[in-house]
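This briefing covers pockets and aromatic ring pairs. Please look over the sequence and the structure first.

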Amino acid sequence: IIISSAALCRAKAGRRRLEASPTETMERTIWLAFAAFFVLSAFLELSGVVGHLAAWGRRLAEEGNLYDLRKPYQKAAMAALAAGALGLFFLYIRAMKRPGSPRFLWLAGMGLAAYLAVSFVSLLSFHAVDVVRGMTWHGLSPVDAARGAGALVSLFAAAFALRRKNGTRPG
């Protein structure tokens with residue numbers, strides 16, 4: 001899903017055109033940035049670097065007797081992420097109401113933000129998140145499902161934007 005999202009974001013960005021308006025150029029740059037984030041995320045997922053980094057951080061915290069002091073910081077980080085996600089949601093709703101707004105670009109950004117937020121919360125290793133991450137339904141944890149849903153939102157937004165670019169309507 002992540003690699004497909006990157007490919008569709010890259011395809012939506014298209015080729016650089018010299019006669020493009022500044023708005024089109026900015027939109028292209030954002031699509032390319034989304035593609036780059038997805039490629040980096042796919043690399044980190046497949047290589048296991050994130051898991052090793054989290055384990056290393058846990059080991060350092062335990063050795064320095066800081067492991068129990070982390071809870072307030074974890075709660076603050078999770079609250080900040082939740083507030084940021086809610087703020088992005090309201091920005092998206094506001095942008096949807098404006099005529100001429102790049103709706104699919106906003107939607108792809110929301111999906112990427114959701115994917116990154118859930119991934120970061122999962123990395124924090126807060127006990128409640130660890131418990132939820134350990135639960136599975138047919139081999140899929142709710143945390144992985146939420147991350148996948150965020151990537152799927154970006155995937156579909158890029159696909160629909162690409163179809164619109166090519167002159168067909170989604171649906």
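Which helices each supply at least two residues of the lining of the second largest pocket? They are helix H1 (2-13) and H2. The model is predicted: local features need pLDDT of at least 70 and side-chain atom pairs count only at pLDDT 80 or more, while totals for chains, interfaces and linings use all residues. Residues are numbered from 1 along each chain as its sequence is written, and side-chain values use heavy atoms, with hydrogens and water left out.

**Terms for the pockets**

- A pocket is an open set of points, on a 1 Å grid over the protein atoms alone, where a 1.4 Å probe fits and protein lies on both sides within 12 Å along at least five of seven lines; lining residues have an atom within 4 Å of a point.
- Grid points are joined across faces, edges and corners, and a volume is the space filled by probe spheres set on the points.
- Helices are DSSP runs (H or I, at least four residues), numbered from the N terminus.
- Ala, Val, Leu, Ile, Met, Phe, Trp, Tyr, Cys and Pro count as nonpolar, Asp, Glu, Lys and Arg as charged, and the others, Gly among them, as polar.

**Largest pocket**

- The largest pocket holds about 470 Å³ of space.
- Its lining comprises 20 residues, and Glu45, Val50, Ser119, Leu123 and Arg147 are the closest to its centre.
- Two or more lining residues come from each of helix H2 (22-47), helix H3 (49-63) and helix H5 (103-124).
- This lining has 11 nonpolar, five polar and four charged residues.

**Second largest pocket**

- The volume of the second largest pocket is about 350 Å³.
- Of its 15 lining residues, Ala13, Arg15, Arg17, Glu24 and Arg28 lie nearest the centre.
- H2 gives the largest share of this lining, six residues.
- By class, the second largest pocket is lined by four nonpolar, three polar and eight charged residues.

**Aromatic pairs**

- Rings of Phe, Tyr and Trp (its six-membered ring) pair if their centres lie within 6.5 Å; planes under 30 degrees apart count as stacked, over 60 as edge-to-face and the rest as tilted.
- The count by this rule is five aromatic pairs.
- Phe89 and Phe90 form a tilted pair, 5.9 Å centre to centre with 55° between the planes.
- Phe89 is partly exposed at 39% relative accessible area, and Phe90 is exposed at 51% (buried is under 20%, exposed over 50%, partly exposed in between; 1.4 Å probe, protein chains only).
- Phe156 and Phe160 are stacked, because their ring centres are 6.4 Å apart and their planes at 25°.
- These two residues are four apart in helix H7 (residues 142-165), so about one helical turn separates Phe156 and Phe160.
- Phe156, at 45% relative accessibility, is partly exposed, as is Phe160 at 30%.
- Phe104, Phe156 and Phe160 make up one aromatic cluster.
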